[in-house]
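Welcome, and thanks for taking a look. Please have the model open beside you as you read through this short briefing.

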Amino acid sequence: MKDRPCRATVFSPMSELHRHLRLKALSVLQSMGLPEAAAEAALRLEPPKNKDHGDVALGTFALAKLVGKTPPQFAAEFAQQIVADGVLASAAAAGPFVNFKFQRAALAKDVLTMVMRGAAPYGIAASNGQVVVIDYSSPNIAKPFHIGHMRSTVIGGALRRIHRHLGATVHGINHLGDWGMPFAKMMTAYMHWGDETELAKAPMRYMFELYKRYSKEAKDNPALDDEAAKHFQALESGVDNQERRMWQFLRDESLKAFQGPYDRLAVTFDAITGESFFEDKMEAAMQRVVQSGVLELSDGAEVVWLKELGIKEPCLLRKRDGTTLYHTRDLAAAFYRESTYHPNRILYVVGAEQKLHFDQLKGVLTRMKEPIALAVEHVPFGLVLSKNPESKWEKFASRAGNAVFLDEILDEAVQKVRQVIAEKNPELEDKEKVAEQVGVSAIIFNDLKNSRIKDVKFDWETMLNFEGETGPYVQYACARLSGILRKAEQAVPDASKIDFAQLADAERVLLTMLDFGSAVQRAAEQSEPSIVTAQVIALAGEIHSYLRDHHVLGAEPAVRDARLLLVDAARRLLTTGLSLLGIPAPERM
RNA sequence: GCGCCCGUAGCUCAGCUGGAUAGAGCUUCGGCCUCCGAAGCCGAAGGUCAGAGGUUCGAAUCCUCUCGGGCGUACCA
């Protein structure tokens, strides 16, 4: 409880190869007269810009400065003193750089045995002691689960798996929007125009229709908003009244309806504690704010000013009419999460348009001198856009109306996959299952492909095309590898029986596999699943290229065995990578 | 107005926190299925990294300004 939350300083999953290289480099640096600590800090081993240079590169600018030599001079001297061994093949100076190369057999052995053992970072790591709370998806009840909700759901789901993979204890939370004014507006609409039998037929769609009508009519009739505010007050009074019963009904129906998309997207939660969960926790939270002395009255509302933190707009915690706000509930939620989970990080996977909200939340906690303030991290993402008739990008709109149910999008993608299967693999078994797996994955993959802050530009022409950097492309690589293993009609040989020297020609595949750990690590640190997506695309590409010139089944026994192991390992790692994204890897497609 | 984000090939984007000749995919064009899956592979074409200054050995990356686009700006979430 007294532990100050801090940014993840997680153990970096360095491979044995890198560890070996680093130790060796450090000992040479010390023999060259550099103090250990200085050498440690200045020894920045990084991937070379150009793969042809080597496996690992070292820019010697900082190191050279420490000993007062020019970088090229230093690099030459340093490289000369590195002696090749069973792991390290060479160290070559190139101007101010030193390029290292691993022994190919050692590279293959290290990567493949680790992958096959499921050892970290290729498999799930042992506990790293980190606790991460992730708040994602969080749709509003009684509204359709539409394309806009998908981003938070899919990004959050991926982050949850990525942190788990790295050994963190993760609490995935669906902070349902089941409280507040939107719901009260819907209730108002129902009381005016609602029809019980219509509601029973298709609650979600019907309520959405009513909500749209409300939005339209409220423009000319502000009295509706006043009425809604009253309903919200009645709801928040805690009394078992009409409002509460209706709220319960809509919440239950919504959860039922949301389960559809969640199942299809393979997203799960550890807790569904929506805003309503904090109904009885807000007063205590407000007390805490009062006691910290930062709460002020402004125009009858209770606010916290944040000017000293560079935020002009105050954070409103209670309205003039005494009811609470989004902020109040998020504040109560932050306290609850702190005492319940003791997290190092709390990630809020919420659209970029809500940046101010989270700056304010963090700001209030900061002004209150609450340590949990440091753990609060907004993970923003861009909008989903579609092309309008003038072929300009704008907020997603269907051809027919405004909001689009996610199911409709997924169905359309699955339908396209059915066509492709009929064309390319009509004999396939389980066509329906595979179509669902591939179609839904194409949508998910498209969403996780680019940096999350970029808007997702969603057009059917791109989605219809399953070539290049797409979900189906990676799945296809898996299926192809599975096909080879199937046709081998033998068990994949144990790594202990492999002559790894036979895999010298697979260096590009192996080096890409070697990058997996750092990619997952960076994805977690930056809350950026697209790093994993890119990694998986790269590996699929390398293995596709490799298979062109290197046949497996027809090769000499020693070569065949080694390649079978490579194929199996690549398949496993691709499957793992995809699974982090929430994407299955069918054996045939 | 103020704040934040984005601007890299015709289009959609990478570029691992300041390093070597700026890379992919789509599109276009040209090749590759008697050979483990062509949803694939190989090649070609395509660039004033929005613009101008600055910081330094070195800038797409950091700072300042300008332009363009988006989002947000107290009783919604």
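Over the ring of which residue does the charged end of Arg288 sit? The ring is that of Phe335, and the charged end of Arg288 lies 3.8 Å from its centre; a charge counts as sitting over a ring if NZ of Lys or CZ of Arg is within 6 Å of the ring centre and within 35 degrees of the ring normal. This is a predicted model, in which local features need pLDDT of at least 70, side-chain atom pairs count only at pLDDT 80 or more, and totals for chains, interfaces and linings use all residues. Residues are numbered from 1 along each chain as its sequence is written, chains are lettered from A and ligands numbered from 1 in the order in which they are written, and side-chain values use heavy atoms, with hydrogens and water left out.

**Around RNA strand B**

- There are 68 residues around RNA strand B, and Lys49, Glu313, Lys319, Ser451 and Lys487 come nearest; a residue is near the strand if one of its heavy atoms lies within 4 Å of it.
- Sugar or phosphate accounts for 62% of the RNA strand B atoms within 4 Å of the protein, and bases for the rest.
- The surface near RNA strand B is made up of 29 nonpolar, 16 polar and 23 charged residues. Here Ala, Val, Leu, Ile, Met, Phe, Trp, Tyr, Cys and Pro count as nonpolar, Asp, Glu, Lys and Arg as charged, and the others, Gly among them, as polar.
- In the side chain of Lys454, an N or O atom is 2.5 Å from a phosphate oxygen of RNA strand B.
- Helices (H or I, at least four residues) and strands (E, at least two) are DSSP runs, numbered from the N terminus.
- H18 gives the most to the surface, with seven residues.

**Aromatic pairs and charges over rings**

- The structure holds 17 aromatic pairs, where rings of Phe, Tyr and Trp (its six-membered ring) pair if their centres lie within 6.5 Å, and planes under 30 degrees apart count as stacked, over 60 as edge-to-face and the rest as tilted.
- One of them is the edge-to-face pair of Phe78 and Phe100, at 6.3 Å centre to centre and 90 degrees between the planes.
- Phe78 belongs to helix H4 (residues 71-81) and Phe100 to strand E4, so their pair ties together parts that are 22 residues apart in sequence.
- Both Phe78 and Phe100 are buried, meaning under 20% relative accessible area, with exposed over 50% and partly exposed in between (1.4 Å probe, protein chains only).
- Tyr136, Phe145, Phe258, Tyr262 and Phe269 make up one aromatic cluster.
- Lys281 has its charged end over the ring of Phe277, 4.0 Å from the centre.

- In helix H16 (residues 431-448), 18 residues should span 26 Å at 1.5 Å a residue, and the end C-alpha atoms are 25 Å apart, which agrees; the expected span is 1.5 Å times one less than the number of residues.
- H16 is mostly covered, with 14 of its 18 residues buried.
- Helix H18 holds Ala477, which is buried at a relative accessible area of 1%.
- Ala477 and Ala570 lie 93 residues apart in sequence, yet their C-alpha atoms are 9.4 Å apart in space.

Note on methods. A polar contact is a pair of N or O atoms within 3.5 Å; within protein, one must be able to donate a hydrogen and the other to accept it, and residues adjacent in sequence count only if both atoms are side-chain atoms.
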